[in-house]
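Here's a quick briefing to read alongside the model. Have the viewer open and click along as you go.

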Amino acid sequence: VILGQSPSLTLQRRRAKMATTRSILQTTRARFVGLGRLGLCTALKCEQADWDIVGSDVFPAHVDSINEITLRLTEPRVEEALRSSKHLRATLKLREVIDRVDMVFILVATPTDSGDQAYDTSALSRFFE
């Protein structure tokens, strides 16, 4: 809550910045930070809805294999979706992902440490630095 403002006004401002179902369905450009198993599969589903997709990843060989359509995965139908994609591009440059876009999905690794059952959110924290 911002000092001097009612909680309901603060909530209204927060809601104004959040995506709605309508705004999501009208999206034409989405960007992805992280093109691992979850990021790439989600990006490909959005691409199949005719969205313009750019995704970034930190592994050059992975980015190249996506762009060259040589990526080999065990996930069902991912290679087929990648081969038929027309509006998906991968990059190592995060700036290309966050500039001029309707929506950004952040899907980076958050492994668990089995000793204390805590998520390692350092990759996510680095994105926001």
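Leaving out neighbours within four places in sequence, Ser85 is in contact with Leu44 and Glu47 (contact means heavy atoms within 4.5 Å). Bear in mind that this is a predicted model, where local features need pLDDT of at least 70, side-chain atom pairs count only at pLDDT 80 or more, and totals for chains, interfaces and linings use all residues. Residues are numbered from 1 along each chain as its sequence is written, and side-chain values use heavy atoms, with hydrogens and water left out.

**Around Ser85**

- Ser85 sits in the loop between H5 and E3; helices (H or I, at least four residues) and strands (E, at least two) are DSSP runs, numbered from the N terminus.
- With a relative accessible area of 15%, Ser85 is buried; the cut-offs are under 20% for buried, over 50% for exposed and partly exposed in between, using a 1.4 Å probe and protein chains only.
- A polar atom of the Ser85 side chain lies 2.7 Å from the backbone oxygen of Leu82.

**Helix H4 and its cover**

- Helix H4 covers residues 60-67, and its buried residues are His62, Val63, Ser65 and Ile66.
- Those buried residues line one face of the helix, because they fall within an arc of 165° seen down the axis of H4; the arc is that of the directions from the helix axis to the C-beta atoms.
- As background, an α-helix has 3.6 residues a turn, so residues three or four places apart point the same way.
- The cover over the buried residues of H4 includes helix H3 (37-48), helix H5 (78-84) and strand E3 (88-91).

**Positive phi away from glycine**

- Just after H4 comes Ile69, with a positive phi of about 55°.
- Ile69 belongs to the loop between H4 and H5 and is partly exposed, at a relative accessible area of 33%.
- Asp50 isn't a glycine either, yet has a positive phi of about 70°.
- You'll find Asp50 in the loop between H3 and strand E2 (52-56), where it counts as exposed at 59% relative accessibility.

**Salt bridges**

- Searching the whole structure turns up four salt bridges, each being a side-chain nitrogen of Lys or Arg within 4 Å of a carboxyl oxygen of Asp or Glu.
- One of them joins the side chains of Glu75 and Arg37, at 2.2 Å from N to O.
- Glu75 lies in the loop between H4 and H5 and Arg37 in helix H3, so this pair ties together parts that are 38 residues apart in sequence.
- Glu75 is partly exposed at 22% relative accessibility, while Arg37 is exposed at 58%.
- Arg72 pairs with Glu79 in a salt bridge whose closest N and O atoms are 3.6 Å apart, and Arg72 counts as exposed at 57%.
- Arg89 and Glu96 also meet through their side chains, at 2.7 Å from N to O; Arg89 is partly exposed at 38%, and so is Glu96 at 28%.

- Ile106 has its place in strand E4 and is partly exposed, at 31% relative accessibility.

Technical notes: Polar contact = N/O pair within 3.5 Å; in protein donor to acceptor, adjacent residues only side chain to side chain.
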